[in-house]
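My entries follow in the order in which I checked things.

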Number of protein chains: 2
Amino acid sequence: MRETRSSSGFLLKQRAFLKLYMITLTDQKRLYGLKLLDTMRDEFRQYGYKPNHSEIYKALHELIDDGVLRQVKRKKEGMKLQEVVFYEFKDFDAAMLYKKQLKTELDRCQGLLDKAIRDNF
Amino acid sequence: MRETRSSSGFLLKQRAFLKLYMITLTDQKRLYGLKLLDTMRDEFRQYGYKPNHSEIYKALHELIDDGVLRQVKRKKEGMKLQEVVFYEFKDFDAAMLYKKQLKTELDRCQGLLDKAIRDNF
């Protein structure tokens, strides 16, 4: 897996944040190709965060390139020509290890934000 | 003042974070040119964040370019040739407005991290 932080170790990167969500969505069997952008945008709308198409697909393809997820295509019942694209784990242990690392990273970032609020306000 | 977030509105940018600290350090009369890098690194060492020289000086010069801070040089008492460089407010109201905006932004980021921890763990 790639680095989850910039070299100076400031807050976690958007890419890592999105990969974490995709692992969780896969675990919940909720990761569908077609709906992914809408799902992610719906999640974060109230937080003023609007992930763009390119960021989301880079995160997804990084997980595929790293051998964590794989794409599955299945024909939709009753629809002759339509295929549903979804994702499942190729390496479940690697996915869980990544989640664990991201928990540490999220906790660190919360600490950094807490400190900034304490120090400045 | 410049944008404090990326276009997608993910977590706040390192630049904005550093500018906030510099405004507070100026307010506390603790912003000295020579010690700035050490001061900032000491603050964040335990959080695994090591701001680099270039990031810190870009943030400082952005505050000067925006007319918020100004540089002051004063001769050190008892030292014939040595000058102390420090910073003071050029536009105090603009500085306080920036702080206020950053509080909103830090709260938003905390909300986003809290949500990520709730959703994924």
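**Buried area.** I looked up the area buried between chain A and chain B: about 3500 Å². Carbon and sulfur atoms give 65% of that area. Buried area here is the accessible area (1.4 Å probe) that two parts lose on being put together, summed over both. The size of an interface is often given in this way, as accessible area lost when the parts come together.

**Ground rules.** I noted that this is a predicted model, where local features need pLDDT of at least 70, side-chain atom pairs count only at pLDDT 80 or more, and totals for chains, interfaces and linings use all residues. Residues are numbered from 1 along each chain as its sequence is written, chains are lettered from A and ligands numbered from 1 in the order in which they are written, and side-chain values use heavy atoms, with hydrogens and water left out.

**Who touches whom.** I counted contacts next (heavy atoms within 4.5 Å). Chain A gives 39 residues and chain B gives 39 residues. Of the interface residues of chain A, 100% are also interface residues in chain B, so the copies meet through the same surface.

**Symmetry.** I then asked which rotation superposes chain A on chain B. The rotation is 180°, with 0.0 Å of shift along its axis and an RMSD of 0.0 Å. That is the relation of a two-fold axis. In chain A, the C-alpha of A:Q110 is nearest the axis, 3.3 Å from it.

I found 2 salt bridges between chain A and chain B. The term means a side-chain nitrogen of Lys or Arg within 4 Å of a carboxyl oxygen of Asp or Glu. A:K115 and B:E43 form a salt bridge at 2.6 Å, N to O. Which elements give two or more residues to the side of chain A that touches chain B? They are α1 (14-27), α2 (36-44) and α4 (92-120) of chain A. The largest share, 18 residues, comes from α4(A). By type, that side of chain A divides into 18 nonpolar, 9 polar and 12 charged residues.

**The fold of one chain.** I listed 4 helices and 2 strands in chain A, in the order α-α-α-β-β-α. Helices (H or I, at least four residues) and strands (E, at least two) are DSSP runs, numbered from the N terminus. The C-alpha atoms of chain A fill a box of roughly 60 × 30 × 20 Å along the principal axes.

**Helix α4.** I checked the length of α4(A) and its 29 residues. At 1.5 Å a residue they should span 42 Å, and the end C-alpha atoms are 42 Å apart, which agrees. The expected span is 1.5 Å times one less than the number of residues. At the start of α4(A), a side-chain oxygen of A:D91 reaches to within 3.3 Å of the backbone nitrogen of A:D93.

**Salt bridges overall.** In one of them, A:K19 meets A:E62 at 2.8 Å, N to O. This pair links distant parts of the chain, helix α1 and helix α3 (residues 53-65) of chain A, 43 residues apart.

How values were computed: Least-squares fit on C-alpha atoms with pLDDT ≥ 70 in both. Nonpolar A, V, L, I, M, F, W, Y, C, P; charged D, E, K, R; others polar. Polar contact = N/O pair within 3.5 Å; in protein donor to acceptor, adjacent residues only side chain to side chain.
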